[in-house]
Every structure is written in structure tokens, then in C-alpha cells.
Amino acid sequence: MDDHNSGRLLKRAELTKVMGCHPETIRYYEKTGMMPDPPRSKAGYRLYDEAHVSRLRFILRARELGFSIEDIRGLLDLMDGELQIADLKRIEQILAETAARCSGEDVPECPVLEALSCT
């Protein structure tokens with residue numbers, strides 16, 4: 001995505017212009033689950049963020065390089081797994097920091113319990 005588009009949500013037509021692909025290409029990758037469903041505006045337009053753009057860029061580039069759909073699916077699964085691990089490590093760090101602030105006494109104000117009970 002160009003710098004002037006950073007942080008901005010794009011409609012599908014805008015995304016196709018930025019990426020240089022056909023709208024059916026995006027529909028196909030969404031239908032097959034390779035692209036996550038984007039949120040919709042109140043008017044019902046799909047709104048794509050930087051994560052969608054990056055993922056689509058990866059898929060299109062992999063196709064240009066000759067990777068099969070199944071190979072790309074496998075690579076996306078690996079990427080998603082890495083992101084999950086990174087998220088879990090961040091959670092682990094937050095929990096460790098929070099647990100270090102607990103007094104160890106039986107008090108209802110324990111930060112760990114409060115953090116875990118918040119949604």
C-alpha cells in the first residue's frame with residue numbers, strides 16, 4: 001500500500017487498483033479462506049486494512065513465482081502459526097509481569113485475577 005494509504009481502510013475497488021488485480025481474484029481468495037473476511041462498513045462495503053493488503057500481496061507474489069495454491073496455503077498456515085506464537089509470547093510476558101505484582105496473599109485485588117477476568 002502506498003504511504004498515502006497507510007492506516008486507511010480500502011474498499012474492494014480501491015484494493016484492486018492498489019494491487020493491480022481483478023476483483024474476482026480477491027473474491028476467490030476470500031472464498032477459499034486464504035484471505036480473511038474483512039469487516040464491513042455500515043453501508044455494507046468490505047473494508048480492507050493493511051493486514052489484508054500484506055496478505056494479498058504475499059499471495060499474488062507467490063503465484064507470480066509459480067507456487068501452487070496448496071503450497072501458498074501451507075506457507076500462510078506457517079505464517080499464521082508464527083503470528084500465534086508471537087501473540088502467545090506477548091501474553092506470557094504480560095502475565096509474568098502481572099504475576100510479579102501479586103502479593104501472594106489471598107486478596108481479591110490480585111492483578112492476575114483481574115487481568116484474566118477482563119474481556
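This is a predicted model: local features need pLDDT of at least 70, side-chain atom pairs count only at pLDDT 80 or more; totals for chains, interfaces and linings use all residues.
**Helix packing**

Let's start with helix α2 (residues 23-31) and helix α3 (residues 50-64), whose axes lie 12 Å apart and cross at an angle of about 105°. Angles of 65 to 115 degrees count as roughly perpendicular, and α2 and α3 are therefore roughly perpendicular to each other. On the α2 side, the contact is made by Thr 25, Ile 26 and Tyr 29, which meet Leu 56, Ile 59, Leu 60 and Arg 63 of α3. Sorted by class, this contact of α2 with α3 has five nonpolar residues, one polar and one charged.

**Salt bridges**

The structure holds eight salt bridges, and here are some of them.

| Salt bridge | Closest N to O distance |
|---|---|
| Arg 27 with Glu 24 | 2.6 Å |
| Glu 30 with Arg 46 | 3.6 Å |

Within helix α2, Arg 27 and Glu 24 sit three residues apart, about one turn of the helix. Arg 27 is partly exposed, at 36% relative accessible area, and Glu 24 is also partly exposed, at 45%.

Which parts of the chain does the pair of Glu 30 and Arg 46 link? Glu 30 belongs to helix α2, while Arg 46 is in the loop between α2 and α3, so the pair links distant parts of the chain, 16 residues apart. Glu 30 is buried, with a relative accessible area of 9%, whereas Arg 46 is partly exposed at 27%.

In helix α3, Arg 61 and Glu 64 are three residues apart, which separates them by about one helical turn. Arg 61 is partly exposed at 45%, and Glu 64 is exposed at 62%. Elsewhere, salt bridges with shared partners join Arg 12, Glu 30 and Arg 46 into one network.

Terms used: Residues are numbered from 1 along each chain as its sequence is written. Side-chain values use heavy atoms; hydrogens and water are left out. Axes are lines fitted to C-alpha atoms, for helices over the stretch in contact, and angles run from 0 to 180 degrees between N-to-C directions. Helices (H or I, at least four residues) and strands (E, at least two) are DSSP runs, numbered from the N terminus. Angles under 35 degrees count as roughly parallel, over 145 as roughly antiparallel, 65 to 115 as roughly perpendicular and the rest as oblique. Contact means heavy atoms within 4.5 Å. Ala, Val, Leu, Ile, Met, Phe, Trp, Tyr, Cys and Pro count as nonpolar, Asp, Glu, Lys and Arg as charged, and the others, Gly among them, as polar. A salt bridge is a side-chain nitrogen of Lys or Arg within 4 Å of a carboxyl oxygen of Asp or Glu. Buried means under 20% relative accessible area, exposed over 50%, partly exposed in between (1.4 Å probe, protein chains only).
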